[in-house]
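Open the model in a viewer and have a selection tool ready.

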Amino acid sequence: MSDTQMEVDQPDVSEYDLEKIKLLPGGSEDGTAASFQVIDEDHTLGNALRYIIMKNPEVEFCGYSIPHPSENKLNIRIQTYGNISAVEALHQGLDNLKELCCVIEEKFSEKIEAGGYSTAEP
């Protein structure tokens, strides 16, 4: 594989906001439990992400909180059984949630394009 093909296949690191998710202090030494803070997010992401992460059979606990209503910060805590790290569980959860959103968007677009739906009359 040429260098240009590798560059195309891998996303540019500058596309990511490296300050978006921070690892908070107080995690376990073995990496099976950790807390993260996600900037500029609220219950919309928190509840969906908690649900998706908890569906992972390797995850023992996942919960989230909004520390203060006037700050757009989401704290999420993940504990695993030990076969994967909390960071891996977070990555898998984000990937699974992204895939789910893509499927929903695709199905919605298909139904809109197919037509055959009626609108409510006022």
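Start with the largest nonpolar core, which has 14 residues; such a core is a set of buried Ala, Val, Leu, Ile, Met, Phe, Trp, Tyr and Cys residues joined through side-chain atoms within 4.5 Å. Select Phe36, Ile53, Ile76 and Ile78, the residues with the most contacts inside this core. Strand E2 (33-39), H2, strand E3 (59-65), strand E4 (73-80) and H3 each supply at least two of its residues, and H3 gives the most, four. Helices (H or I, at least four residues) and strands (E, at least two) are DSSP runs numbered from the N terminus.

This is a predicted model: local features need pLDDT of at least 70, side-chain atom pairs count only at pLDDT 80 or more, and totals for chains, interfaces and linings use all residues. Residues are numbered from 1 along each chain as its sequence is written, and side-chain values use heavy atoms, with hydrogens and water left out.

Next, select Ile78 and its surroundings. Leaving out residues up to four places away in sequence, Ile78 touches (heavy atoms within 4.5 Å) Phe36, Ile53, Phe61 and Leu90, among others.

Now show helix H2 (residues 43-54) and helix H3 (residues 86-114), which pack at about 110 degrees with axes 9 Å apart. Axes are lines fitted to C-alpha atoms, for helices over the stretch in contact, and angles run from 0 to 180 degrees between N-to-C directions. The two helices are therefore roughly perpendicular (65 to 115 degrees).

Finally, select Ser35 in strand E2. Ser35 is buried, at 16% relative accessible area (buried means under 20%, with a 1.4 Å probe and protein chains only).

Definitions and conventions
Parallel < 35°, antiparallel > 145°, perpendicular 65-115°, else oblique. Buried < 20%, exposed > 50% of the residue type's maximum accessible area, 1.4 Å probe, protein only.
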